[in-house]
Amino acid sequence: DPIELDLVSYSILIKACVNRGSLWRAMHILDEIMPSNGIEPDVVAYNTLLYGLANVGDAPTMKEYFNKMHSKNIAPTAETVEAIVRGLLNLGDVATAITVVQDCFNQYSVLPPYTTHLKILE
């Protein structure tokens, strides 16, 4: 019998795809495969994908997935903010990175790790 995958297993698959640079496949797992198997992605799955998108500086897609998290009532964590800020800094968009940190603190009371603040100051 095939192995039944759970939320953790799918999150690991998403991380493997991100680490190998297969972001399309990671998005496919998150958007289609997990829901079709009755599993809703959690903040860890979204954060993993956001880190991958940040590494390539795909700000529009990061925004899309952040909005999906919000629409599913998944609260962002410090890692969520860190990933988004990293992606914006990779693009050289310091002003938007600062705005994201401020907005996430004002709306969700979430701040990224202090190292993210240091990267903004750099």
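User: Leaving aside its neighbours within four places in sequence, which residues is Tyr51 in contact with?

Analyst: This is a predicted model, and in it Tyr51 sits in helix α3, which covers residues 43-56. Once the neighbours within four places in sequence are set aside, the residues in contact with Tyr51 are Glu79, Glu82, Ala83 and Arg86.

User: How far apart in space are Tyr51 and Ala83, C-alpha to C-alpha?

Analyst: Ala83 is among the residues in contact with Tyr51, although 32 residues separate the two in sequence. From C-alpha to C-alpha, the distance in space between Tyr51 and Ala83 is 5.0 Å.

User: Which residue's side chain is joined to that of Tyr51 by a polar contact of 2.5 Å?

Analyst: Tyr51 has several contacts beyond its sequence neighbours, including Glu79 and Glu82. The polar contact of 2.5 Å runs between side chains, and the partner of Tyr51 in it is Glu82.

User: Is Thr61 buried or exposed?

Analyst: Thr61 belongs to helix α4, residues 59-71, and, apart from neighbours within four places in sequence, is in contact with Met27 and Leu53. Its relative accessibility is 14%, and because buried means under 20% relative accessible area, Thr61 counts as buried.

User: What is the relative accessible area of Leu13?

Analyst: Leu13, placed in helix α1 (residues 7-20), makes a nonpolar surface patch of about 290 Å² together with Ile3 and Leu5. Leu13 is partly exposed, and its relative accessible area is 37%.

Definitions and conventions
Residues are numbered from 1 along each chain as its sequence is written. This is a predicted model: local features need pLDDT of at least 70, side-chain atom pairs count only at pLDDT 80 or more; totals for chains, interfaces and linings use all residues. Side-chain values use heavy atoms; hydrogens and water are left out. Helices (H or I, at least four residues) and strands (E, at least two) are DSSP runs, numbered from the N terminus. Contact means heavy atoms within 4.5 Å. A polar contact is a pair of N or O atoms within 3.5 Å; within protein, one must be able to donate a hydrogen and the other to accept it, and residues adjacent in sequence count only if both atoms are side-chain atoms. Patches are made of residues with over 30% relative accessible area and no salt bridge: like charges are joined within 9 Å, nonpolar side chains (Val, Leu, Ile, Met, Phe, Trp, Tyr) within 5 Å. Accessible areas come from the Shrake-Rupley method with a 1.4 Å probe; for residues, only the protein chains shown count as cover. A salt bridge is a side-chain nitrogen of Lys or Arg within 4 Å of a carboxyl oxygen of Asp or Glu. Buried means under 20% relative accessible area, exposed over 50%, partly exposed in between (1.4 Å probe, protein chains only).
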